[in-house]
Amino acid sequence: MPAPIRTTRLELIQIDPAGIRHLIAGDRRKAEGVIGLTLPPEFPTADDLAGFLPIQLLRMEAAPDRRDWMARMMVSDSNEAIGHCGFHGPPEVIGRAEIGYTVFTTFRGQGFAKEAARALTAWALEQGEREVYACVAPNNGPSLAIIRALGFKQIGTQEDEVDGLELVFAVRADELR
C-alpha cells in the first residue's frame with residue numbers, strides 16, 4: 001500500500017482495490033473490513049458506483065505501482081471517514097496531475113477539503129509535477145472558494161461527459177498558499 005499523506009488533522013489513506021470491489025458489489029460490511037473504517041450511509045452514492053469507483057478500480061488494476069496517484073479516504077485523527085479525495089489517476093495516464101475531493105455532509109464547513117486539497121497539491125509538486133489541476137462546476141461555490149484560497153487560477157473551461165461544464169484551474173509550486 002502506498003504511504004498515507006498526513007496533514008495536521010487528517011491522514012489520506014489509499015483505498016484498497018478489494019474494498020472498492022466490495023463497494024461496487026454492494027457488500028458494505030466487507031468493504032469496511034478491508035478499508036478498516038466505518039463508512040457513512042451517504043457513501044458510496046449512485047454516482048460513485050456508476051463512475052468514480054469503477055474508474056479508480058480500473059486504473060488501480062492497470063497500474064498497481066502507481067496507486068499513490070489514485071483514490072484515498074480522508075481519515076480524521078479520531079479514525080473517522082471524513083470523505084474521499086485523491087487524483088483522477090497517474091499524470092502519465094490522464095495527462096496531468098488533477099485533484100478531486102468530497103467531504104461527507106457531517107464534516108463539511110470545517111476546513112477538511114481545503115486541508116486535503118493543499119496536501120494533495122503539495123505532494124504532487126514534491127513528486128516533480130510542474131502544475132496541479134482542479135476542475136470545478138461553476139455553481140460549486142464551496143469548492144471554488146477552496147481552490148482559489150489555495151492559489152489556483154482559472155485557465156479555461158471544459159465539458160465533462162458526466163458533470164457537464166467545468167471550470168479548469170491550475171497552480172504551480174510558487175503560487176500554492
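**Figure 1. Arg-9 lies over the face of Phe-112.** In this predicted model, Arg-9 is placed 4.1 Å from the ring centre of Phe-112. A charge sits over a ring if NZ of Lys or CZ of Arg is within 6 Å of the ring centre and within 35 degrees of the ring normal. Arg-72 likewise lies over the face of Trp-123, at 5.8 Å from the ring centre. A word on reading these views: residues are numbered from 1 along each chain as its sequence is written, and side-chain values use heavy atoms, with hydrogens and water left out. As the model is predicted, local features need pLDDT of at least 70 and side-chain atom pairs count only at pLDDT 80 or more, while totals for chains, interfaces and linings use all residues.

**Figure 2. Helix 5 is largely enclosed by the rest of the structure.** Helices here are DSSP runs of H or I with at least four residues, strands are runs of E with at least two, and both are numbered from the N terminus. Helix 5 covers residues 112-126, and its end C-alpha atoms are 21 Å apart, in agreement with the 21 Å that its 15 residues should span at 1.5 Å a residue. That expected span is 1.5 Å times one less than the number of residues. Eleven of the 15 residues are buried, among them Phe-112, Glu-115, Leu-120 and Trp-123. Buried means under 20% relative accessible area, exposed means over 50%, and partly exposed lies in between (1.4 Å probe, protein chains only). Just after the helix, look for Gly-128, which takes a positive phi of about 105 degrees.

**Figure 3. Ring pairs link Trp-69, Phe-87 and Trp-123 into a cluster.** Rings of Phe, Tyr and Trp (its six-membered ring) pair if their centres lie within 6.5 Å; planes under 30 degrees apart count as stacked, over 60 as edge-to-face and the rest as tilted. A search of the whole structure finds five aromatic pairs. In one of them, the rings of Trp-69 and Trp-123 have centres 4.8 Å apart and planes at 65 degrees, so this pair is edge-to-face. The pair links distant parts of the chain, 54 residues apart: Trp-69 is in the loop between helix 3 (46-62) and strand 3 (71-76), and Trp-123 is in helix 5. Trp-69 counts as buried at 2% relative accessibility, and Trp-123 counts as buried at 14%.

Figure 4. Two strands pair if DSSP finds at least two bridges between them. Strand 3 and strand 4 (residues 81-87) run antiparallel and are joined by five bridges, with Met-74 standing opposite Gly-83 in strand 4. In general, side chains in a regular strand alternate between the two faces of the sheet.

**Figure 5. Strand 8 (residues 164-172) is mostly covered.** Seven of its nine residues are buried. Strand 6 (residues 131-136) pairs with strand 8 in the antiparallel sense over six bridges, and here Ala-134 stands opposite Phe-169. Strand 7 (residues 153-160) also pairs with strand 8 in the antiparallel sense, over seven bridges, and Gln-158 stands opposite Glu-166. A hairpin of three residues joins strand 7 to strand 8.

Figure 6. Glu-131 is partly exposed at 27% relative accessible area, as is Arg-172 at 40%. Salt bridges that share partners join Glu-131, Arg-172 and Glu-175 into one network.

**Figure 7. Cys-85 and Cys-135 are too far apart for a bond.** Their sulfurs are 16 Å apart, and for Cys-85 the closest cysteine sulfur is the one in Cys-135. A disulfide is a pair of cysteine sulfur atoms within 2.5 Å, and the structure holds zero of them. Cys-85 is buried, with a relative accessible area of 3%, and Cys-135 counts as buried at 16%.

Definitions and conventions:
A salt bridge is a side-chain nitrogen of Lys or Arg within 4 Å of a carboxyl oxygen of Asp or Glu.
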